[in-house]
Amino acid sequence: MTNDMMQVLMSTVVLSGPLILAALGGLFSERSGVINIALEGKMLGAACTAVFIGAQTGSPLLSLIGALGAAVIIGLIHAVLTQVYNVDHIISGMGLNASILGATTLFAKTLPQLQTDEAAAIFPSSFFWTMAFVLAGAAALYIARTRGGLHLLAVGNDPDKSRQMGLNPVKIRFKSLAVAGLLCGLSGALIASTSGNFVPNMTDGRGYIALAALILGGWRAIPALLACLLFGFFHALELMLQGQPILGVDLPPELWQSLPYAAALIALALFAGHNKAPAGLGRP
Amino acid sequence: MHLPWKHIWLTLAAFALIWLALVAVGAYPPEAFREMIIRSVGKPAAWRETLFQMTPLLATGLAVFVALRAGLFNIGAEGQLMVGSLASVAVALAIPSAFGMILAIVAGIVAGALWALPAGLIKAYRGGHEVISTIMLNSIGMALAGWLLAGPMRNKLQESTTTAAIDEAAYIPHVVDQMPFRMNLSLIIVTLITVGFAYWLKRSVKGYELSLVGKNPIAAKFSGAALKKVTVWSMTASGALAGLGGALMVLGDEHRVYMGFSGGYGFDGLGVAMLAGGSPIAVVPSAFLFAVISQGSDSLAQIQIPKGLNGVLLGLIIIVFAAYRAKKETHHD
Amino acid sequence: MDDGGDVRSLRTESDGVAAHLDGITKVFGKLTALDQVSFTANRGRIQALVGENGAGKTTLMRVLYGALKPEQGAISLHGNEVQLDSAADGISHHIGMVSQHYAIIPELTCLQNLMLGAEPEAWIKQAECISRADELATKMGFSFDWTAKAETLSPSGAQKLEILKLLWRDAEIMILDEPTAMLSPADSDALFGSLRQLADQGAAIIVVTHRLPEVLDYCDHVTVLRGGKLMADKPVSETNAEELAELIIGHGVDAPVLDEFEPGEILLKVASLTVKGERGDEAVQGADLTLRSGEVVGLAGVDGSGQRELFQAILGLLNPVSGSILLCGADAERVSPSKRIEQGLRLIAEDRHAEGVVDDWSLEANASLGLQRLEPLRSGPWIDRKERADFAQQSTDLFAAKHQGIDKPMSSLSGGNQQRFVAARALLLRPKVILAFQPTRGLDIDGAAQVFSQLRKTCRDENAAALVVSFDLDELIEHTDRIVAMSGGRIQSPPPGEEKSRKIIGELMVEAG
């Protein structure tokens, strides 16, 4: 039993890694006032690029750089669409997600070399997990204690007043979306590194879960991290309990599969009203 | 004449991306586009398939449109459609008759509505964002479908995870049946609902209040509109329409439900509604265009272009169109 | 300028000039907002800039601040001509502006607001910043809990924080736009005390205001603008209230002798009403109020005295903690907002854009906003399009709102015409109790008089009653039948016979504040 417990805890850490990184990306984006449904697309684009470049070059560094680059580019496209073209943030995000899902599916089937021969072509997963925890702390500190963090909070809460105080909200949002891209890039690369090859839609909605965790965490780094761990824990529980009868009842795996989503839904119903979203979220 | 260069650039960029994607997978783009057209509206059999696809697209498009009109993003049409189709197939299997068909349609509507209800309630009374809740409900709905299809509702005689086929007595009748072209009543049903909804929205007091809540919730509150009720009802109606889409797919075309049954119609519904802009009637041509693209790119598999192109196309269309709409709106101020 | 025998006595008059604007012209579309206006701000002086709404005061200040570029004219600071391209340029030249709607972000802490845009270093050393902030605050005699969220600040606290923000940025030229608009008289006194202190330390202070007593009591120099033109520029000691009023308004407005009437039945009775505001405080505390048919009652008070919450409670949008509301003879508890509208409750909303119109809907669709469930605009479950079009036409005609057709969007009307439309709409369809929050916002004097006279006529002729909120006591004295004062959530009525006494109502407005 203790062994099982350890195993669940270990896989909690493993499974929540991509969520934490993506949620931090969402944190930067949403704190600056840009709703970011596109976390999913960035992760997927990054995962695809990581595997592709990793397989082509065999260099984990280049693979990582490629993943980060891809996600940053997607983040900047989201910035251009929402800030320059004034496209609704949710529509832009959904559009990007659909396009990226389509494009990566297209490539996955066409390019047969989209599979790394050895895991070494991508940085090991432990590198990313460490990053996830370190970066969560760093993000919390950055937002609470630096000029950049203060500007981020200010434009996210009130772009007009921030402009009055001499800030440039559009510029700050571009930067934030680039940072969000980097973080989602890490998340995508981690997902790629865990599996070693690319499968269409391999992010499997984890970008959305990360967003839910961010909201449950009240748009704060450490609570969001904890929410991600919670989701990871449920997922780990699901993997362990699958096919194991509990008190003599054989529960279907789908029940466990839907647990984290149901948990998110219930948490949203219970806590949403208590967490204040950045007041300027979605505003031009 | 002042040309909207910003938007022309965006359109060109989107087009270039599509071109690039096609070249990258080894296709010659003009050829691919020509094939898409031919295979979607080029022959009677192609029309048949395209119109089949149009039914759920119109239903989910209208579903998303209703919610959007009240200021809500229903990302959950996919799950609502799936749950609706399962309820519908269960009823149709139990009562294999025309009466069963009617009940099955009702079952689909009710199931879809119930699957959207929590999102409406959480939004209205707890302030939880409907985008997150509908996405969660999608995942739960898919898990539910997975369990039902693998277990209780599975047709054990078949290898794949699918329900049994419903009896012919419960099929939605065809209005035209001259193979290779045929069309059943379901598309007409959804089109009539769309027209009726458009009239209701424009001419009824409740429709006025629905639009008011979506346009300016604060003014709606001051005008005596019941904000929370409108939120719950419009989200529920949205789910009902998506559920109807699922029921019509089962009873009109597929006659069973299997894993992957919904095939993304729910998500495409978002694009259909976006493309329609502010007009409910425009949902009809918008759904048709999506059906053409969807059918066209599905059939490209036959010339060795893998699936996925429709995602790229539709995603970019949504974005470009939203950019044009945003421009129009800022122009007003 | 003569301060004794030291070298500083060599300063000439022009040495005291901190900023000079010369022949500024600024055009918005067809409107000339500023026409060849010159303006000087001196160190050590509190300078008043007065004029009506739309006289060009704020525009002139935004030019000085760098937020607007003039078509013509030059700006010189400390004797050197400069080019200001943005608000950031203004800040770098030590010009600071406190706008009427404070640039304080409630979700940030007081310290974060203080520093925003002017942080000393990339890494914020909290302790150091707090000690410098405390130093500035102590200098002005203020005290702040720097780590508290700014949303906890009172209006006067926010105003103080704005002043400290200027000091944090080493501003030497300080512009305050309507600084007392949200302050009680006592807080206003304290504010001008602080400003005097700053001026004595060498700052050039510019106060944009429309309140003459402030100018006469606290300012050194006054500049009057009217319709974008410079009307006067002189020391306060050389002018008086009558002259300034004449310069500002141009022509005196006769206070109308209001027609006699007999107050009828009670239409609205608010008794011991307590309502919680957004922050959980008791925004309305045990308020009593009675409206009888035929009368127009003014609700005087500084902004934020609980008027908003009182209105929302009467509308049924906020649930009272205790007390009762009697509307048209029936207890309104548990009566939905739409039912109250059916009983004859009408609103001229405070924030027209947010609460009263849908900008991109047609005038026709906007006409029935709030009245959509009333016959004849409704017929069964359907909208009666013909009746609605007629009603929209009447709503534009009543106050002659200029428009290009009732099928055109609301946004095609100017602000003033939108206000005329919104005011008319509330008077035309069987009103019983009319709640009007600053109903003449954005209207000129004639337009305002028209709205008030129609409001009285409607109340008299149709046995309705109106409650009018205005932050301008003079407007209420001129146009309403009697006035009650609201302060700190309480409503007080002057004694009989003193219903329109400026002195007594003024005192009531202050008492609990």
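Domain bounds in this briefing come from an automatic or database domain assignment. On that basis, chain C is divided into domain 1 (17-249), domain 2 (266-344 + 432-513) and domain 3 (354-429), and the centres of domain 1 of chain C and domain 2 of chain C, taken over C-alpha atoms, are separated by 33 Å. The structure is a predicted model, in which local features need pLDDT of at least 70 and side-chain atom pairs count only at pLDDT 80 or more, whereas totals for chains, interfaces and linings use all residues. Residues are numbered from 1 along each chain as its sequence is written, chains are lettered from A in the order in which they are written, and side-chain values use heavy atoms, with hydrogens and water left out.

**Nonpolar cores**

- A nonpolar core is a set of buried Ala, Val, Leu, Ile, Met, Phe, Trp, Tyr and Cys residues joined through side-chain atoms within 4.5 Å. Buried denotes under 20% relative accessible area, exposed over 50%, and partly exposed the range in between (1.4 Å probe, protein chains only).
- The largest nonpolar core has 239 residues, and those with the most contacts inside it are Trp146(C), Leu164(C), Leu195(C) and Ile205(C).
- Helix H3 (residues 44-69) of chain B gives the most to this core, with 11 residues. Helices are DSSP runs (H or I, at least four residues), numbered from the N terminus.
- Domain 1 (17-249) and domain 3 (354-429) of chain C both give residues to this core, so the core lies between them.
- Leaving aside neighbours within four places in sequence, Leu195(C) is in contact (heavy atoms within 4.5 Å) with Ile46(C), Ile163(C), Leu176(C), Ile205(C) and Val207(C).
- Another core, of 43 residues, lies apart from the largest one; among its members are Leu363(C), Phe399(C), Leu443(C) and Leu473(C).

**Interface of chain A and chain B**

- The contact takes 40 residues from chain A and 43 residues from chain B.
- The two chains bury about 3,400 Å² between them, 81% of it on carbon and sulfur atoms. Buried area is the accessible area (1.4 Å probe) that two parts lose on being put together, summed over both.
- Of the area that chain A buries against chain B, 20% is supplied by Tyr85(A), Ile91(A) and Leu106(A), more than by any other three residues.
- Between chain A and chain B the count is zero salt bridges, a salt bridge being a side-chain nitrogen of Lys or Arg within 4 Å of a carboxyl oxygen of Asp or Glu.
- Five residue pairs are in polar contact between chain A and chain B (both at pLDDT 80 or more). A polar contact is a pair of N or O atoms within 3.5 Å; within protein, one must be able to donate a hydrogen and the other to accept it, and residues adjacent in sequence count only if both atoms are side-chain atoms.
- On the side of chain A that touches chain B, the elements giving two or more residues are helix H3 (60-84), helix H4 (89-110), helix H9 (206-216) and helix H11 (253-271) of chain A. The largest share, 15 residues, comes from H4(A).

**Interface of chain A and chain C**

- Here the contact takes 17 residues from chain A and 25 residues from chain C.
- Chain A and chain C bury about 1,900 Å² between them, 62% of it on carbon and sulfur atoms.
- The count between these chains is one salt bridge, and the side chains of Arg147(A) and Glu119(C) meet in a salt bridge (3.6 Å, N to O).
- Seven residue pairs are in polar contact across this interface (both at pLDDT 80 or more).
- Helix H5 (125-145), helix H6 (147-157) and helix H7 (159-164) of chain A each supply at least two residues of the side that touches chain C. H6(A) gives the most to that side, with six residues.

**Helix H9 of chain A**

- Because 10 of its 11 residues are buried, H9(A) is largely enclosed by the rest of the structure.
- The buried residues of H9(A) include Tyr208(A), Ile209(A), Leu211(A) and Leu214(A).
- Gly218(A), whose phi is positive, near 65 degrees, follows H9(A).

- Met101(B) is found in helix H5 (residues 98-126) of chain B and is buried, with a relative accessible area of 12%.
- Not counting residues up to four places away in sequence, Met101(B) touches Ala170(B), Tyr171(B), Ile172(B), Pro173(B) and Leu251(B).
- Glu254(B), in helix H10 (residues 227-254) of chain B, counts as partly exposed at 24% relative accessibility.
- The side chain of Glu254(B) makes a polar contact with the side chain of Tyr258(B) (3.2 Å).
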